[in-house]
Structures are given as C-alpha cells and as structure tokens.
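Hi,

Here is the structure I said I'd pass on. Have a look at it, and then read on for what turned up.

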Amino acid sequence: MTRDTHSDDESPDDRRSESTDPKLRPDGGAAAGADDTTLDPWGSSTVSDYRNLFEEFGIEEFEALLPEVPDPHYLMRRGVIFGHRDYRPIARAMREDEPFAVLSGFMPTGDPHIGHKLVFDEIIWHQQQGGDAYGLIADLEAHAARGLTWDEIDEHARDYVLSLLALGFDPEEGTLYRQSENRELQDLAFELGVEARFAEFEGIYGFDGETDVSHMQSVVTQMADILYPQLDEPKPTVIPVGPDQDPHMRLARDVAARMRYFGVTEAYASFETDDAERQLIAEAYETLSEQHPDQTVRCGDAATYLDNGRDRDATDPDTMIVDRVITMLREAGKEPLRPRVRFLDRNATEEAFDTLIEAIDGEKRVYDEHIDVFDLSREAAEELAREVELDHGGYGFLPPSSIYHRFMTGLTGGKMSSSVPASHISLLDDPEDGYDKVRSATTGGRETADEQRELGGKPDECPVYELYAYLLADDDDELATEVYEECAGGERLCGGCKEQAAELMEAFLGDHQEKREEWAQKLDELDIEFDSDRNR
C-alpha cells in the first residue's frame with residue numbers, strides 16, 4: 001500500500017494540505033512490511049517501491065495508458081493496476097473489436113482469498129470486453145514447487161474455480177483447464193523447452209544444482225500457459241499478475257521470439273547491430289542527410305561524424321558503444337547507409353525462407369541468414385513474416401502482454417499471508433468471520449479521535465481503506481473518494497469506517513458464497529476434472 005511520502009518534521013497544516021486524490025499513487029509507495037525489488041515468483045509477496053520496477057525491469061506506468069483503454073476497470077482507474085508490459089495491443093484490440101485473449105493461473109496451495117479476487121476480476125473484465133478468457137489451475141507447479149499432494153491440489157482447485165465462476169467468469173465463452181490434464185499444453189511446453197536454457201533459469205530464478213528437474217519443468221509449463229491462447233492463431237494476449245510474476249513474463253516474451261521463424265528489425269547497413277548501436281547510426285544518418293540532402297550518406301561519413309562528436313572518456317559504457325559503432329562503420333567504408341527492414345532467419349525451414357524471398361516485392365538484398373528490403377514498413381514486414389511462418393507450420397507467436405496490480409497489505413499490517421488467517425480474508429470464510437476480521441484490522445488512524453479530527457487519518461497507509469479501493473467500493477468511485485477524503489480530512493473516524501467496511505465485507509461474502517453453492521451444483525457440466533488420477 002502507498003506509504004506517506006512526507007517527512008516526519010512537517011507541520012499538521014502541511015500534512016492536511018496534501019492531495020486527497022483517492023487513486024493509489026502509481027509512481028511509488030509500498031505495502032506495509034514490503035521487501036525490496038527482488039522479484040521471486042515463489043517467495044516475494046510485496047514490493048517496497050513500485051517506481052523501481054519501472055527503472056529496473058522496464059515495466060511501464062499504466063496511468064499514461066489509461067486514456068487508450070475503453071471503459072477501464074475500477075482497478076485501473078484507482079491505480080491498483082499500476083503497471084504494464086506492452087498492453088497497447090490489447091487496448092487497441094478492444095477499441096477496434098479485434099480478437100484478443102486474457103489468461104491467468106492460480107496455484108492451488110490454499111484457500112482463495114481477497115488478494116486472488118484482483119486477478120479473478122481482471123480476467124472477468126477482459127472477458128466482458130470481448131476477450132477469449134482462460135483460467136488455469138497450476139497444479140503441476142503446486143506439486144513440483146510447493147510439494148502439495150494431489151489430494152490437497154484437487155480440493156483447492158475446486159475452490160478456486162468455484163470462486164472464479166461465482167464472480168462472473170462465463171465458462172461457455174471461456175476456457176478452464178488444469179496443467180496436468182491438458183495434453184496440448186504439455187506438448188507445447190516440450191517444444192518451448194528446446195529454446196530454454198538452464199543458464200537462464202540460473203540467472204532469472206536462482207536455480208542451482210540442488211533444484212529438482214520437475215521444478216524447472218514447471219517453469220517451461222508456465223511459458224506454455226502464457227502462450228497457450230495463441231496455439232490456434234496468433235493474437236494479442238494479456239496476463240494479469242502481481243509484479244512478483246514478472247520474471248515469468250520476461251522469459252515468456254523471450255522464448256516466444258525465439259520460436260519465431262523470422263525476426264524483423266530495422267537496419268542501415270549490411271552488418272548487424274543491437275538497439276543501442278542502431279540508434280547511434282540512425283542519429284548519424286538523419287543528421288548527415290539533413291546537412292547534405294543531395295549526397296549519398298556512406299558508412300565512412302557516419303564514422304567521421306560520430307568520431308568528431310564522441311565523449312573521450314574511455315571508461316564510459318556509452319563511449320565504448322560509440323567506439324564499437326565507429327569501427328563497424330569504418331570497416332564498411334564506402335557502403336551507403338540506407339534505412340531498411342531486415343528479416344532475420346531464426347528457425348525458418350529452407351522452404352519458408354525461399355517463400356519469403358519470393359513474397360517480397362520491390363528492392364531486396366538476400367544474404368545467407370537475412371534479407372534486407374527497402375520498400376516495406378516494419379509493420380508490413382512483420383505481418384508478411386508471420387503469414388509465411390503460419391503457412392509453413394510455425395506458431396507465429398505475438399509477444400504476450402501483462403498488467404501488474406499492487407499487493408494488498410495484510411489486515412494486521414505487514415504482508416498478507418495465507419498462513420496467517422488474521423492477515424487475510426478467505427473467500428470461503430463465514431461472513432460473520434469476515435466481519436470480525438475487518439473490525440479487528442489495523443488502520444491508518446491517529447492515536448486519538450481528537451488527533452484524527454485535527455490532523456486527518458492516513459488512508460494511504462490503511463489496510464481498511466485498501467478494502468474499499470480494491471473490493472468493497474466495487475465500481476462506485478464516489479464511495480472510494482468519499483472514504484479517502486473524509487479520512488484524510490479528519491471527518492471519518494476509524495471505528496465507524498471499520499463498521500461500514502465490515503458490514504460490506506459480510507454482505508459480499510454472503511452473496512459470494514451463495515453463488516458458489518449455485519455453481520457447485522453445476523460443476524459436473526464443466527469440461528474440467530477435479531479428481532486427479534495421479535499417484536498420491
């Protein structure tokens with residue numbers, strides 16, 4: 001949860017003049033008891049500073065994208081969904097009524113609780129926006145990484161699916177499956193494993209010689225889960241997760257690219273460059289073209305331009321990149337610099353490579369492992385590459401997208417933990433127990449009622465306000481705003497606030513469990529098996 005970012009020596013008047021915007025700040029803040037920004041899919045449950053995720057891992061702020069999302073979910077509007085990785089194709093598909101998919105999974109290691117409801121809601125909302133929705137039970141991961149027995153997994157799997165259905169997932173329009181029962185998924189995982197390396201697992205997850213093979217295999221299975229919605233046809237796919245799952249997303253995007261027959265990049269000369277090198281060459285080309293519009297820009301010209309303007313600090317990493325680019329350009333000498341799109345041969349069959357050559361209209365240069373074209377946009381080139389790949393038996397995967405939600409603070413402060421019943425509310429809790437837990441929750445209130453009235457409360461540090469923002473206010477932004485502003489302004493005291501929240505929680509759990517019971521009578525109609533026949 002977002003912490004108060006003001007210093008302790010501010011005056012009461014300064015504190016009360018701060019913004020009362022109920023949206024959780026997307027540029028920073030932490031859940032109480034948060035850890036650092038090491039992302040561990042099997043261990044971490046909070047992040048100390050969400051801003052570090054933007055800088056260290058390339059996650060983008062969701063707030064900047066919000067205007068592009070049709071009728072955004074309240075979790076998006078309130079900043080609970082704070083980041084994304086490549087969500088724009090999903091937003092565009094929704095706006096233009098094009099195919100897209102949403103998938104997320106649940107490791108059945110305990111009861112589903114209100115933290116899991118965030119992901120349930122994100123899947124259901126994307127389904128309601130027209131997406132093909134997938135909900136999976138990560139039972140192979142639960143068995144391999146957490147050591148649960150199949151009896152335990154079966155019980156928890158049923159509970160997760162019932163809550164997903166009770167909250168609004170449409171099983172007739174969506175897909176539910178267990179990893180262990182999905183042969184197509186397992187076959188895909190086998191193929192993806194060809195492109196995965198132990199050195200990557202070692203670097204990303206800290207695996208070592210003591211890590212069992214089944215645990216490593218479960219990671220490859222998750223890569224297959226993420227790409228599974230594209231098995232029949234490539235389409236934008238979003239995976240709603242907590243930020244601790246981002247290592248899986250980064251690896252899945254890398255593996256998806258490696259599975260492609262062709263890579264498509266931009267280039268300026270016959271030699272290969274990385275993104276940083278290409279940016280330097282592009283800068284040189286554009287500047288020299290403007291300075292000498294009637295002359296052909298050659299590699300040697302660009303080398304001289306960069307050499308004259310470079311920083312001479314040889315220890316600077318940027319200087320090392322410039323030196324490398326200058327060397328390549330000088331070696332190319334009189335070769336003209338010309339913008340082009342490059343098809344890279346990654347996994348293409350000889351027949352597919354030849355077909356691509358024939359399909360390219362206009363000027364082209366064919367090399368042993370790549371093709372340069374001068375009359376195609378990058379977008380058109382990517383479309384052509386995918387078309388040829390699909391015609392020749394490839395997958396044509398699009399890079400999967402992801403959105404990231406904040407972790408909920410435990411009701412007792414610190415982390416929300418399934419192993420600490422008082423810290424969370426299970427979706428299976430008796431409604432009266434849910435009421436009692438909220439009434440007993442830690443708050444962001446002051447020491448006394450008089451101090452609260454004078455200084456205002458601290459909703460950004462309050463687990464009870466989180467309940468309103470994440471769940472209890474539902475789509476009612478006015479209620480979430482009212483609670484926030486009244487608390488921050490000193491009008492709302494913790495006792496009454498908790499009583500209102502407790503009553504709303506009790507009503508929510510009662511309604512949710514009634515719907516669970518209704519679905520429990522219809523589970524046999526679903527195409528998913530809850531009684532595993534695996535060895536126990």
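Searching the whole structure turns up 5 cavities of 30 Å³ or more. A cavity here is a set of points, on a 1 Å grid over the protein atoms alone, where a 1.4 Å probe fits but cannot get out; points are joined across faces, edges and corners, and a volume is the space filled by probe spheres set on them. The largest cavity has a volume of about 100 Å³. It is lined by 16 residues, and Cys462, Cys487, Arg492, Cys494 and Cys497 are the closest to its centre (lining residues have an atom within 4 Å of a point). Two or more lining residues come from each of α19 (463–472), α20 (477–488) and α21 (494–520). By class, that lining has 10 nonpolar, 4 polar and 2 charged residues (Ala, Val, Leu, Ile, Met, Phe, Trp, Tyr, Cys and Pro count as nonpolar, Asp, Glu, Lys and Arg as charged, and the others, Gly among them, as polar).

Before going further: this is a predicted model, where local features need pLDDT of at least 70 and side-chain atom pairs count only at pLDDT 80 or more, while totals for chains, interfaces and linings use all residues. Residues are numbered from 1 along each chain as its sequence is written, and side-chain values use heavy atoms, with hydrogens and water left out.

**The overall picture**

The protein has 21 helices and 11 strands (DSSP runs, H or I of at least four residues for helices and E of at least two for strands, numbered from the N terminus). Of its 536 residues, 53% count as buried, meaning under 20% relative accessible area with a 1.4 Å probe, protein chains only.

**Cores**

The largest nonpolar core has 69 residues, and Phe62, Val69, Tyr87 and Met505 have the most contacts inside it. (Such a core is a set of buried Ala, Val, Leu, Ile, Met, Phe, Trp, Tyr and Cys residues joined through side-chain atoms within 4.5 Å.) Helix α19 gives the largest share of this core, 8 residues. Another core, of 40 residues, lies apart from it, with Phe82, Ile153, Ile226 and Leu251 among them.

Leaving aside residues up to four places away in sequence, the residues that Phe62 touches include Val69, Met76, Tyr87 and Ile403 (contact means heavy atoms within 4.5 Å).

Thr265 sits in strand β7 (residues 262–267). Thr265 is buried, at a relative accessible area of 17%. Beyond four places in sequence, Thr265 touches Arg340, Val341, Arg342, Leu344 and Arg378.

Cheers

Technical notes
1 Å grid on protein atoms, 1.4 Å probe; cavity = no way out; pocket = protein on both sides within 12 Å on 5 of 7 lines; lining within 4 Å. Buried < 20%, exposed > 50% of the residue type's maximum accessible area, 1.4 Å probe, protein only.
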